[in-house]
Amino acid sequence: MPHGINMEIDKISLTHGSGGRQMHKLIHEYLVSQLKNGILEKLDDSALLDNHKSGKLAMTTDSYVVSPLFFKGGDIGRLCVCGTVNDLATSGAEAAYLSLAFILEEGFPLSDLKKIIDSISQTALEAGVKIVTGDTKVVEKGKGDGIYINTCGVGFIPDGVHLSTYNGRKGDLIAVTGPIGNHEISLMLTRNLLTFNADIHSDAAPLNKYVSRLLKLTDGIKTIKDPTRGGLASALVEIAENSNCEIRIEEEKIPVDKDVQAVCDLTGLDPLYLANEGKYIIVCSPEAKEAVQSIFSNLSFMGEITGFQEKGRVLMETSSGGLRKIGMLETTQLPRIC
Amino acid sequence: MSVTKEKIQWIRSQISVPEGKTIKLMEVCGTHTMSIASHGIRTFLPREIQLISGPGCPVCVTSQDDIEKALILARKKNVLIVTFGDMIRVQSGHDKLENYNNVQVVYSPMESLKLAVQHPDKEIVFIGVGFETTAPLIASTIIKAKKNQIRNFSTLCMHKTIPEALKLILSDKNSSIDGLILPGHVSAITGSQYFGFMEELNTPGVITGFDALGIMESIYLLSQLIGENKNSILNNYQSVVKKQGNPKAMKLLKSVFLPSDCYWRGIGEIKSSGLKIREKYHQYDAQEKFNIDDLHIDEPEGCLCGEILMGKANPLQCRHFGKKCTPSQAVGPCMVSSEGTCAAWYKYGNR
């Protein structure tokens, strides 16, 4: 535990957000010491970034309010880096810089804060991004849920890369980079919404390095989309609608881990609508198939774009040979009664 | 091609419908409705076979009165409502349980007792919906509450039983239902003999599991029975359903509950089609404990849930379907429950 912070109160207090000595100590001893890099250490009001590449800049922001804060396979810290880095990579951008803003609730344990910052530091290292600026605010007890995190990310798009959900054309192949549903089921289990004794881990992971390697191998990538909230189904519908196309997928080719499927079978939850934090949907030309396969080892080509369709539509051939329409998520899924 | 898909195609090729005839089959259970829709089973059945959804979606048949009673309890200061998920989105007026922060969704009723111990200053009320499948679980929760002398727990009892509703549907002179796909879960508790009454109503039935292959097998068996004019009840879920069912669960159910008349949404009152808590356990009856009177609330105007539950209409015939009534803003409960006919048609489309 870093010294210098009053350990008699090992919890966040309003003085930690006051702008005074306590806040500076918190920033130095908990944040800068963990996340150190030349840009952040200056602690000026704005970070100065090298514009070392030509081409376009990509920028994204996201807020993290997840409950519980810690779950199997991750925590809010890992999520806030992965989510933002992965959002940048969907545009083909090479993520470089992240901002980090905390809203802390009075009484939040400093030991939890430390764990979260450690996790941010580790995940940033894994993703190869720098945290270059940040902010800390404290709200009164009862006015927050422990901790909220906002991150903003900046990345550089290499010349010639144009990824978008509007790019799909007839004949393009559609892949998912690995089994779906683990993240949301892991959260539900930790929240005790489901009373199973299952060892299911969140898939939260930064995917930017895979994307960079992939884009160097082929120029046949049309779309990269992360199926987070709303799941695989909602993400596919968005691609179909934006590209005005019909997508057909095969249920048998959608990877779902056995234990996730078992929990879904018992509760009536549909894996197609469960959130993921470390998976991509990739739309590519048939020529790019091998390149995509070479990068993602658990990848499955699950369907293709079968035609033009003004309003966009997604159909799934079910494992029993039927055909089913896939729509966007309408409301959050709830376990059924019997 | 997978083995399952091959088997299903083979069974499909064996189904024959006499020239000029249409076979109407009702799947009684909401889980079947969902399974049929999610496997796209209608898209590969012969057009002469129509599948109609029945009254076996617990949320769908819950009356406006019962929903309002739950809301009355939720508005009380010291009450913590405990419920299965689907119930929280059903509207009464412009209100629903989801709007209250003293409502907790659980997967098992036993969790109410844990909550009762954790919150001795609160009254824990479990919203007891469901059929013969869930009633034994509630019964054992009530028995345990009594044994452990837990006094701050009660249930708002809205349980229903299947036979009288089926009798009503099948004996309706306008009924055109030729056969029933009978619920696997309910039968596992009650035993296959529970459905013996159907033979008198000249309707065959097949007890069915929930995977696509099992459902297709049952459709084939029903088409055979109908073709041969037989009114037998077959058990196509023998791995789970025994003739005697689960006598222990039935004993639990009977020790806590008595048959009672019950109001089904859209259908009306059906004699002996509900379960009420026996005198011996009356302190666990929330309606009695909180002295809530029966209300008489009209169902939303134009909502066809009743006709749909009786198998007389399909969702597309309802003027609210997909317009005023969607899963996120539902008019009737058939759109709210994930097992409701309207929700299934909305989500999976239909031919």
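Here is a short chat about two helices in chain B and two domains in chain A of this predicted model.

Me: Why are helix α2(B) and helix α13(B) called roughly parallel?
Reply: Helix α2 (residues 30-38) of chain B packs against helix α13 (residues 341-348) of chain B at an angle of about 15°. Angles under 35 degrees count as roughly parallel, so α2(B) is roughly parallel to α13(B). Their axes lie 9 Å apart, and the crossing is right-handed.

Me: Which residues of α2(B) and α13(B) meet?
Reply: From α2(B) come B:T33, B:M34, B:A37 and B:S38, and they meet B:T341, B:A344 and B:Y348 of α13(B).

Me: What makes up that contact of α2(B) with α13(B), by class?
Reply: Four residues are nonpolar, three are polar and none is charged. Met, Ala and Tyr count as nonpolar, so B:M34, B:A37, B:A344 and B:Y348 belong to that class.

Me: Now to chain A: where do its domains run?
Reply: The domain assignment gives domain 1 as 14-157 and domain 2 as 173-326. Taken over C-alpha atoms, the centres of these two domains of chain A are 28 Å apart.

Me: How do you know how much area domain 1 and domain 2 of chain A bury between them?
Reply: The size of an interface is often given as the accessible area lost when the parts come together. For domain 1 and domain 2 of chain A that comes to about 1,800 Å², with 54% of it on carbon and sulfur atoms. On the domain 1 side, A:K72, A:N86 and A:T90 supply 29% of the area buried against domain 2 of chain A, more than any other three residues.

Note on methods. Residues numbered from 1 in each chain as written. Chains lettered and ligands numbered in written order. Predicted model: local features only at pLDDT ≥ 70, side-chain atom pairs only at ≥ 80, totals over all residues. Heavy atoms only, no water. Axes fitted to C-alpha atoms, helices over the stretch in contact; angles between N-to-C directions. Helix = DSSP H or I, 4+ residues; strand = E, 2+ residues; numbered from the N terminus. Parallel < 35°, antiparallel > 145°, perpendicular 65-115°, else oblique. Left-handed = near helix turned anticlockwise from the far one by under 90°. Contact = heavy atoms within 4.5 Å. Domains from an automatic or database assignment. Buried area = accessible area lost by both parts, 1.4 Å probe.
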